[in-house]
Amino acid sequence: MGSENNLIISSRLAKNYKRNLIERMIEFGLLCSGIVAIFITLAIIYVLVSEAIPFFQHVSMKDFLTDTVWTPNYSIKHYGILPLISGTLTTTGIALIVAVPLGTITAIYLSEFASHKVREIIKPILELLVGVPTVVFGYFALMLVTPMLQKIYPDLTTFNMLGPGIVMGIMIVPYIASVAEDSMRAVPMAIREGAYAMGATRFQTAIKVVTPAAISGIVAAYILAISRAVGETMIVAIAAGQQPNFTFNPVESAATITSYIVSVALGDLEHGGIGYQSIFAAGLTLLIMTLLINILGHMVRKKYAERY
Amino acid sequence: MIKQKKASNLKDLNVIRKMISNHKKYDFMFAGLGTIVIASLTITLLVLFLDLVIDGYPKFNLDFLSNFPSRRAARAGILSAWVGSSLVLLVTFFVAVPLGVASGIYLEEYAKKNWFSDLIEINVSNLAGVPSIIYGLLALGLFVYSFGLGQSILTAGLTLALLMLPIVIVSTREAIRAIPVHIREAAYAVGATKWQVCHNHVIQYAYGGILTGIIIGMARAIGETAPVITIGALTFIAFLPPSPIGLEPPFINFDWLDAGFSVLPIQMFNWISRPQHAFHVNAAATGAIIIILTLLMNGLAIKLRYNIRKKIKW
């Protein structure tokens with residue numbers, strides 16, 4: 001009898017051991033998948049830096065940051081990143097001029113004015129707008145928006161920064177609207193009720209009470225929008241022309257950092273050549289820009305975060 | 001004296017009434033403004049869609065789907081592009097979904113709250129904010145040259161998988177977080193191991209939410225252009241990759257992973273860049289197909305999420 005019991009116990013222990021082993025293996029597998037995210041980040045930094053280092057051995061950092069001409073394909077080569085940055089900033093600026101008011105109004109309307117029913121219809125439409133591929137937006141900018149702008153302003157060239165900037169603005173409205181709306185909806189009802197009890201109207205409550213209370217989320221939404229616009233590629237590559245041009249004039253054509261990378265990738269890439277390395281230097285600049293923007297966003301959120 | 005007071009009261013009342021009605025005007029004005037803004041956004045989406053459909057209408061026929069790209073716009077089609085897109089997405093799906101779901105489960109169910117899980121978390125949210133073209137550069141340096149995978153379907157699939165990964169991770173985590181603790185406690189109480197709890201309960205209940213994230217991620221991958229161009233895939237492709245399914249044993253082969261390819265958005269971009277109008281018609285038709293696919297998928301995801309929210313009451 002005793003030996004039979006022992007047998008049962010030992011078989012249970014063996015089963016337990018097997019069970020624990022499987023558990024450990026699964027946990028290890030899951031851990032490995034979790035670590036992939038870290039590896040991707042490290043790989044991005046490694047690839048960009050290691051390909052950009054030979055570039056900076058060839059081009060001095062001072063030229064890169066101060067030269068106002070970017071002509072890697074001409075016989076006299078210049079590698080000044082400023083024209084690409086000016087293009088990036090101009091298109092981003094136009095996009096923000098369009099997207100910030102539209103996105104903020106949409107957010108305030110959805111959060112404070114719209115009925116539940118209206119919100120249930122509008123939010124999916126905004127999500128669909130987020131899903132539209134950027135290459136389609138690029139077509140839209142080149143074939144529809146620029147010709148329309150040319151009717152108002154006949155001197156506008158086919159490739160310009162205004163059209164793609166506006167379309168980019170439309171593209172980022174839903175980002176601003178949804179993040180800003182979320183933060184406005186997180187403002188407790190009691191604060192609104194307080195305002196109403198003092199006799200404030202809906203508009204006064206929305207502008208003077210809810211918006212200031214949600215300001216950290218709203219600014220975070222703007223910053224998210226900036227980083228989207230800076231990294232946006234296809235719209236500008238299609239509709240802004242791909243000619244680097246040191247200008248902040250929206251009616252001129254220009255290249256952004258991203259559209260330069262695309263235009264080089266479209267040609268024959270000589271692996272290890274200076275042209276090949278230059279896109280990694282440009283990519284590194286872009287990454288640093290978006291990183292700085294994101295850190296700024298993080299700081300703003302921390303500084304103005306309201307605790308209820 | 002009393003009369004005077006009454007009159008001044010009335011006057012005050014009128015002033016107040018006037019002030020209220022003045023302020024109420026702003027309410028109406030803002031509601032009107034909001035309606036106009038939202039209506040114009042909706043109209044923009046409609047115009048975008050109709051513009052593509054109307055411009056591309058002449059190409060809506062089966063020949064367009066079964067022809068290779070060609071120098072002559074009239075005979076050009078998107079056969080190689082849609083086959084390429086499907087195969088690339090197949091790779092993306094099989095890489096991003098297991099990795100993303102596993103890492104979401106790890107972060108929510110297994111990871112202890114310490115600096116290490118914080119590090120992973122920061123990385124995931126950072127990766128979601130990295131511009132897509134940077135992933136293209138990563139793929140160019142790493143997959144194409146360091147790993148020697150070339151400009152193949154495998155490279156493109158892996159690249160898009162990297163892009164899709166944060167979306168899958170975030171949606172997995174959100175879906176898991178919505179499951180109340182007592183479900184897990186009940187399972188543990190009857191002697192389930194951690195993995196049994198995850199596998200038989202957590203994943204089952206989070207299934208809908210995870211699926212929503214996967215669909216949204218796939219919809220993004222279909223339309224993603226910049227990273228695929230960056231790996232150098234914009235070439236004239238007038239052939240199909242070897243078929244994944246063969247008639248002879250072993251029936252499945254993986255030669256197609258190494259094949260050159262084109263995808264729908266790249267084909268569209270290629271046609272937009274041509275000066276001739278006839279190619280723009282092709283571009284519009286391709287764009288219409290892409291946008292219909294992405295709208296359908298996003299619509300499905302939204303519907304799915306809506307149903308989950310309605311159905312599940314813990």
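Into which domains is chain B divided? In this predicted model, chain B comprises domain 1 (2-57) and domain 2 (60-311), the bounds being taken from an automatic or database domain assignment. Local features need pLDDT of at least 70 and side-chain atom pairs count only at pLDDT 80 or more, whereas totals for chains, interfaces and linings use all residues. Residues are numbered from 1 along each chain as its sequence is written, and chains are lettered from A and ligands numbered from 1 in the order in which they are written.

The C-alpha centres of domain 1 and domain 2 of chain B lie 43 Å apart. Six residues of domain 1 of chain B are in contact with seven residues of domain 2 of chain B, contact being defined by C-beta atoms, placed from the backbone, within 7 Å. The side of domain 1 of chain B that touches domain 2 of chain B has four nonpolar residues, one polar and one charged (nonpolar: Ala, Val, Leu, Ile, Met, Phe, Trp, Tyr, Cys and Pro; charged: Asp, Glu, Lys and Arg; polar: the others, Gly among them).

Chain A is divided into domain 1 (2-58) and domain 2 (82-304), with C-alpha centres 39 Å apart. Each of these two domains of chain A gives eight residues to the contact.

Between the chains, 68 residues of chain B are in contact with 67 residues of chain A. Among the helices of chain B that each supply at least two residues to this side are helix 1 (2-56), helix 3 (79-110) and helix 11 (277-311) (helices are DSSP runs of H or I, at least four residues, numbered from the N terminus). Helix 1 of chain B gives the most, with 17 residues. The side of chain B that touches chain A divides into 44 nonpolar, 20 polar and four charged residues.
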